[in-house]
Amino acid sequence: MSNAAHPTPVDRPRSKGGPAPALTHLGGATATRARELIALYPEPRSALIPLCHLAQEQEGWLSPEIMADIAALLDLTPAEVLGTASFYDMLHTEPVGSHLVSVCTNIACLLNGAMELLEHAESTLGVNAGGTTADGAVTLEEAECLAGCDGAPCVQVNHRYVGAQTAESFDQLIADLRSGARAAEIPTHGTLNRVARTTGLQADRDQIANERAAMAEAQAQRAAAAKDTAANKAGA
Ligand code: FES
């Protein structure tokens, strides 16, 4: 991917203890799902990465405005969101095409024709690795090992394995992506199933509330004990 400087997140003050923040760029359904995800965690900030994946589905990347919305939801600063988003390869802080095509050129794939495949991809798509086609359909990237070494040369589209590719099958893959023939299998911008699913990853809200209360009480007790210890030392 490009190494261009990351955009500066929109500044927004923390809103601890205030009313639910007004979101300017996260859509209604996405914002609702985001709040459901946050409720699964004892600490809201623990939902940061799932929220980044969820929000990324909206436009394919995490714009400064969307990062500001995530920050508001989690009571973080936009810089804290950027700090995490810019660390992980699967999160994009710059625009990408609707299909991110990743070609692994690590050792197993290299030995099985990955560089030739990447050169073919660059030639047929008309972009260098890291670039996006003029129609916005495809961003091509050269990837490190994608943990699919038994299917070398390994290719992923929107983080989904599409199997080892030849030049011919790659061209067909691109044609299918552009026509929408594989849309059900490979959603545009590709949300992770773990984040998108509505069953399985659920939690009892009362149980979470009780655990949060217990954590707060334990923290208060530790703080009081530390204060006593400091007072005793000062008086000794
Ligand atoms: S070396 Fe290409 S997937 Fe592992």
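These legends walk through several close-up views of one predicted protein model.

Residues are numbered from 1 along each chain as its sequence is written. Because the model is predicted, local features need pLDDT of at least 70 and side-chain atom pairs count only at pLDDT 80 or more, while totals for chains, interfaces and linings use all residues.

**View 1. The whole chain, to get your bearings.**
The protein chain holds 9 helices and 4 strands; helices (H or I, at least four residues) and strands (E, at least two) are DSSP runs, numbered from the N terminus. Starting from the N terminus, the order of elements is α-α-α-α-β-α-α-β-β-β-α-α-α. The chain has 236 residues, of which 29% count as buried. A residue is buried if 20 or more other C-beta atoms lie within 10 Å of its own, exposed if 12 or fewer, and partly exposed in between, with C-beta atoms placed from the backbone. Among contacts with a separation of 6 or more, 68% come from residues 24 or more positions apart. Two residues are in contact if their C-beta atoms, placed from the backbone, lie within 7 Å.

**View 2. Helices H1 and H2, side by side.**
Two packed helices are described by the angle between their axes and the distance between the axes. Helix H1 (residues 28-38) packs with H2 at an angle of about 170°, and their axes are 10 Å apart. That angle makes H1 roughly antiparallel to H2. Look for Thr30, Arg33, Ala34 and Leu37 on the H1 side, and for Pro50, Leu51, Leu54, Ala55 and Gln58 on the H2 side. By class, this contact of H1 with H2 has 6 nonpolar, 2 polar and 1 charged residues. Ala, Val, Leu, Ile, Met, Phe, Trp, Tyr, Cys and Pro count as nonpolar, Asp, Glu, Lys and Arg as charged, and the others, Gly among them, as polar. Axes here are lines fitted to C-alpha atoms, for helices over the stretch in contact, and angles run from 0 to 180 degrees between N-to-C directions. Angles under 35 degrees count as roughly parallel, over 145 as roughly antiparallel, 65 to 115 as roughly perpendicular and the rest as oblique.

**View 3. A closer look at leucine 37.**
Leucine 37 sits in helix H1. It counts as partly exposed, with 19 C-beta neighbours inside 10 Å. Leaving aside residues up to four places away in sequence, leucine 37 touches Ala47, Pro50, Leu51 and Leu54. Leucine 37 and leucine 54 are 17 residues apart along the chain, and 9.6 Å separates their C-alpha atoms.

**View 4. Helices H2 and H4, crossing.**
The axes of helix H2 (residues 48-59) and helix H4 (residues 78-85) come within 11 Å and cross at roughly 80°. The two helices are therefore roughly perpendicular to each other. Leu48, Ile49 and Cys52 of H2 meet Val81, Thr84 and Ala85 of H4. By class, the contact of H2 with H4 has 5 nonpolar, 1 polar and no charged residues.

**View 5. The buried face of H4.**
Pro78, Val81, Leu82 and Ala85 are the buried residues of H4. Seen down the axis of H4, they fall within an arc of 100°, so they line one face of the helix; the arc is that of the directions from the helix axis to the C-beta atoms. Those buried residues pack against H2 and helix H3 (64-74). In the loop between H3 and H4 you will find aspartate 75, whose phi is positive, near 55°.

**View 6. Helix H6 and its partners.**
Helix H6 (residues 114-125) has 12 residues and spans 16 Å from its first C-alpha to its last, close to the 16 Å expected at 1.5 Å a residue. The expected span is 1.5 Å times one less than the number of residues. Ala114, Leu117, Leu118, Ala121 and Leu125 are buried in H6. Down the axis of H6, its buried residues fall within an arc of 100°, so they line one face. They pack against strand S1 (99-104), helix H5 (107-110), strand S2 (138-143) and helix H7 (167-179). Glutamate 119 is also in H6, and it is partly exposed, with 13 other C-beta atoms within 10 Å. Glycine 126 follows H6, with a positive phi near 75°.

**View 7. The loop between S2 and S3.**
Most residues other than glycine have a negative phi, and most peptide bonds are trans. Alanine 147 lies in this loop and has a positive phi, near 65°. With 11 C-beta neighbours inside 10 Å, alanine 147 counts as exposed. Proline 153 is found in the loop between S2 and strand S3 (155-157), and a cis peptide bond, with omega about 0°, joins alanine 152 to proline 153.
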